[in-house]
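Please look at the sequence and the three-dimensional structure shown here.

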Amino acid sequence: MLTPCLLSDKSRLPEIFRLRVNCYSNSEYNHLINKDKYPEGWFDKLDDRALHWVIMDNDKIIASCRIAVVTDLKDIEEDFLQFGLPQFGEYAFFSRLVILNEYRHLGLTHKMDDVRVNYIKANNIPTTLAW
């Protein structure tokens, strides 16, 4: 059964980075994110401290997403300050949801969103941002 689980082995992060590029390379955004621009995979400064959920098929990561909990909006590359949010506070930043094409339309996006929403509720994080 394809069920999200929290990634406990950070040594698998490079697989997630490559999965992101693979998924975007096969999308309308391939001019922005592709193997030529990101030969080592797509990652940023939030990845090391973020919580990552994965869905595995056997031992292969076929989907991933993350939440980065930040207390300063300037830690996020996207400009959320433009929306009038206070710079400082506790924010859960939803981002980087990818699913291999052959596993799309199976309800995996909903499963990934559910685990992240449940985490936010369980940890009483007051504000959620998504990009």
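The text below turns to the sheet, then to the helices, and finally to the pockets. The model under discussion is a predicted one.

The sheet is open and has 5 strands, in the order β1-β2-β3-β4-β5, with mixed pairing. Its edge strands are β1 (4-6) and β5 (127-130), each of which pairs on one side only. On average, neighbouring strands of this sheet are turned by 25° against each other, direction ignored. Between β4 and β5 the pairing is parallel and runs over 4 bridges. Within this region, Tyr91 has Thr127 in β5 as its bridge partner.

Which strand supplies the largest share of the lining of the largest pocket? That strand is β4 (residues 88-99), with 5 residues. The largest pocket holds about 320 Å³ of space. Its lining comprises 14 residues, and Tyr24, Trp42, Arg96, Leu97 and Trp131 lie nearest its centre. By class, this lining has 10 nonpolar, 1 polar and 3 charged residues.

The second largest pocket has a volume of about 220 Å³. Its lining includes Cys23, Tyr24, Leu97 and Arg104. Strand β4 gives the most to this lining, with 3 residues, while α1 (13-25) and β4 each supply at least two. The lining of the second largest pocket divides into 6 nonpolar, 4 polar and 1 charged residues.

Methods
Residues are numbered from 1 along each chain as its sequence is written. This is a predicted model: local features need pLDDT of at least 70, side-chain atom pairs count only at pLDDT 80 or more; totals for chains, interfaces and linings use all residues. Side-chain values use heavy atoms; hydrogens and water are left out. On a 1 Å grid over the protein atoms alone, a cavity is a set of points where a 1.4 Å probe fits but cannot get out, and a pocket is an open set with protein on both sides within 12 Å along at least five of seven lines; lining residues have an atom within 4 Å of a point. Grid points are joined across faces, edges and corners, and a volume is the space filled by probe spheres set on the points. Ala, Val, Leu, Ile, Met, Phe, Trp, Tyr, Cys and Pro count as nonpolar, Asp, Glu, Lys and Arg as charged, and the others, Gly among them, as polar. Two strands pair if DSSP finds at least two bridges between them. Axes are lines fitted to C-alpha atoms, for helices over the stretch in contact, and angles run from 0 to 180 degrees between N-to-C directions.
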